[in-house]
Amino acid sequence: MADDQVQLLSQGVGYGILVGVGGAFAIGMILTTKFLSKYLNEDHHSTETFSVANRNVGTALTTSAVYSSWSWATELLWVSTMTYNYGIQASYYYGAGLSIQIAVMALLGIHAKKKIPKAHTSLEIISLRYGKVAHMLFLFLCLVNNLLSCSAMIVGAAGAISIIAGNLHIVASMMLIPFGVLLYTAFGGLKATFLTDFVHTLILLIVLVILNTTVLSSEKIGGLNGLYNLLVEHDGDRYVEGNYKGSFITGKSKGSVLFGLILTGGNFGLCIMDSSFWQKTFSADQRSTVPAYLTSAVLIFSNVWPLGAIIGGASLVLSKTPSWPTYPREMTTYEISSGFTLPYTLKAVMGNGGCGGILLVIYLAVTSTVSAQLISVSSIVSFDIFKKYFKPHANNKQMIWVSHVTVIIFGLFAAGFSCMLHYVGTNMTWLGYFYPLIICPGVIPLIFSITWDKQSTLAVIVAPITGLIFGLTVWTTSAYAFYDEVNVDTLGEQLPCLYGTLTALFLPAIVSITISLIQNQKFDWQVLQNADLTIRDHNAPEHSDSNSLNEDKHDLAEETVELNSQQADERSLDFWIKVATGATIFILLVTWVLWPMPLYRDWIFTGAYFKGYVTVGLIWLYVTLLVVGIYPLWVGRKAFMIIARGIIRDFKNRKNPIADKTAPETPVEVSPEYVDHASGSSEKNEITSLK
């Protein structure tokens, strides 16, 4: 497509986003981290702060962070592509493929809160329960997952950024995407990631509201009635194989279902095998974990539901009109598979403004993903490699140093690996179909590790290896059976990828259950609960013998208080486990049975159904903006006021140095009850003294 490449915006806009916005976010988050340290007494030099944000993040900020982590750049691009390929129903199945994993992660997170409350990574569970061999195996699986997911996001986002920004060289995009992320992630750790995720999500949701509403109400589309009438009018332009009557507007869409199943399987791997999702559960306050994750599971539909129905629907009716950027030629397979349908549609309807908006959103989404992966890998390297095998008694300073170095090395390596994937001929769609085969084999054994006390050590080792080998075997043999050859194109087809993914995901469950029941072992969860995983404070003072008696009394008092509160915590955790279990089953039934299955019949969407579908999707998006984007601002107002007053006070003192000397500053004292400094998630959190 060298001679036919489309230029939507200038290269300067691309560099402005990649360098300017990236640098601005880096500076902003570094300053925010310093403000949190100075005015709210948060120690970003502490490993607990860097890796698990002191385990006191509230519901509002956790919800925003989880939502942001699941708002991938390829998600926005891919849903438009799949809607263009298979029709409107693909937008629904994309949402169904996102939701259930977050609900499962809520269940796993609250189990982990109960059974290993001091954990930093999911791999610590494997190490304590199964030993070195299993730990090394899952260490490999998790790091591969981090690398593939991070690189796939960079490849997809860089391709879209390059086509939008005046054919900016894709390698430049790939290398510049991690630029600002490296700075603020290395400096601020997970708390900086939480805060950046919130800002990213707020901007993303505002832009999505503007884009969806503007496209729907534009003259080219003409509102709900106009969009439906155009879809009916153009329904015969292209016959969609596997759809009822080849229609764009039917619930009976074989391609959409197959895509949804592959996506669901792959997303289980991306979520469960990604330690960053576990870290967010470890970081959340005990009462916030399940509400935050379940809220995100319900609201995540709003990213893809209206976008696929409105903008994806617009692509179906505009792709052969003079307003389409490639007119008079049709889009190439490369353009479709790389996700260019979304920016092309926005260019056709909104012009440069739409392209600029989606360029910003794609950049923010991919940097949120990269940031989460950087923290995940840095925590794995520091806790599960450096501390586990090289420096068992590592202190805070050493752990933080390793984390910082890992963030930089992995960020650069992921960018380079992404370039390699591009030059061997892969694209966003091919990678999206491929990586489930590699990352799914460990999913169910890892779930069993924290939920089932009978899974044996042999089972947890054999099961994922079996799933990986047979998954790849089924993938390649299916490609040959269906298409008589094995190459990049046939391996990227739906059916081979689906069969391979299902094998890689579910075969390990059968193997694990069989071996475990034969061996009939039972694990004592107390081993995890009693594990001492705390990193000693880097500046903790040495204790003299003269203070030992007082320390012993203090420790005894603390143990008494802890014992009294433990039973209450057990009851609370058991309650949330029941809630998470019920919610997971309910979400699975609704998203994959009760809603879509009645639509899978010989039926074309009526105007009433289609308009109701689009309207509810828009309402969902606006509600998400309020809950995920606006509500955390209200909840965190006290923390914002403390920081603002501190900055104003310091500014005045600098302008009046005499007053500064004669009236020494009284430090701000913050109550320990104020558990969520950044989000202020509970109205019970009060500032006891602000002088």
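Residues are numbered from 1 along each chain as its sequence is written, and side-chain values rest on heavy atoms, with hydrogens and water left out. Because the model is predicted, local features require pLDDT of at least 70 and side-chain atom pairs count only at pLDDT 80 or more, whereas totals for chains, interfaces and linings use all residues.

The chain contains 28 helices and zero strands; helices (H or I, at least four residues) and strands (E, at least two) are DSSP runs, numbered from the N terminus. Of the 691 residues in the chain, 60% are buried. Here buried means under 20% relative accessible area, exposed means over 50%, and partly exposed lies in between, with a 1.4 Å probe and protein chains only. Contact is defined as heavy atoms within 4.5 Å. Among contacts between residues at least 6 apart in sequence, 84% join residues at least 24 apart.

A pair of aromatic rings is described by the distance of the centres and the angle of the planes. Rings of Phe, Tyr and Trp (its six-membered ring) pair if their centres lie within 6.5 Å; planes under 30 degrees apart count as stacked, over 60 as edge-to-face, and the rest as tilted. This rule gives 32 aromatic pairs. For Tyr 92 and Tyr 93, the ring centres are 5.5 Å apart and the planes meet at 75°, so this pair is edge-to-face. Tyr 92 is buried at 2% relative accessibility, and Tyr 93 is buried at 0%. A stacked pair is formed by Phe 413 and Phe 417, with 6.2 Å from centre to centre and 25° between the planes. These two phenylalanines are four residues apart in helix α18 (residues 396-423), a separation of about one helical turn. Phe 413 is partly exposed, its relative accessible area being 48%.

One aromatic cluster brings together Tyr 92, Tyr 93, Phe 301, Trp 305, Trp 592, Trp 595, Trp 603, Phe 605, Tyr 609, Tyr 613 and Trp 620. A charge is taken to sit over a ring if NZ of Lys or CZ of Arg is within 6 Å of the ring centre and within 35 degrees of the ring normal. Trp 603, a member of the cluster, has Arg 601 over its face at 4.7 Å from the ring centre. In another such arrangement, the charged end of Lys 115 sits over the ring of Trp 525, at 4.1 Å from its centre.

Salt bridges were assigned where a side-chain nitrogen of Lys or Arg lies within 4 Å of a carboxyl oxygen of Asp or Glu. A search of the whole structure finds six of them. Lys 114 forms a salt bridge with Glu 570, with 4.0 Å between the closest N and O atoms. This pair links distant parts of the chain, since Lys 114 belongs to helix α5 (residues 89-115) and Glu 570 to helix α25 (residues 548-594), 456 residues apart. Glu 570 is partly exposed at 24% relative accessibility. Lys 114 also forms a salt bridge with Asp 574, the closest N and O atoms being 2.5 Å apart. Asp 574 lies in helix α25 and Lys 114 in helix α5, so this pair ties together parts that are 460 residues apart in sequence. Asp 574 is partly exposed, at 30% relative accessibility. Through shared partners, salt bridges join Lys 114, Glu 570 and Asp 574 into one network. A further salt bridge connects Arg 329 and Glu 335, whose closest N and O atoms are 2.9 Å apart; both residues are buried.

A disulfide is a covalent bond between the sulfur atoms of two cysteines. With the criterion of a pair of cysteine sulfur atoms within 2.5 Å, the count is zero disulfides. Cys 142 is buried at 1% relative accessibility, and Cys 419 is buried with a relative accessible area of 10%.

Two threonine sites were also examined. Thr 264 is located in helix α11 (residues 254-272) and is buried at 10% relative accessibility. A polar atom of its side chain lies 2.7 Å from the backbone oxygen of Gly 260. Not counting residues up to four places away in sequence, Thr 264 touches Ala 96, Gly 97, Ile 100, Gln 101 and Trp 592; Trp 592 is also part of the aromatic cluster. Thr 81 is found in helix α4 (residues 73-86) and is buried, with a relative accessible area of 0%.

Definitions and conventions:
Polar contact = N/O pair within 3.5 Å; in protein donor to acceptor, adjacent residues only side chain to side chain.
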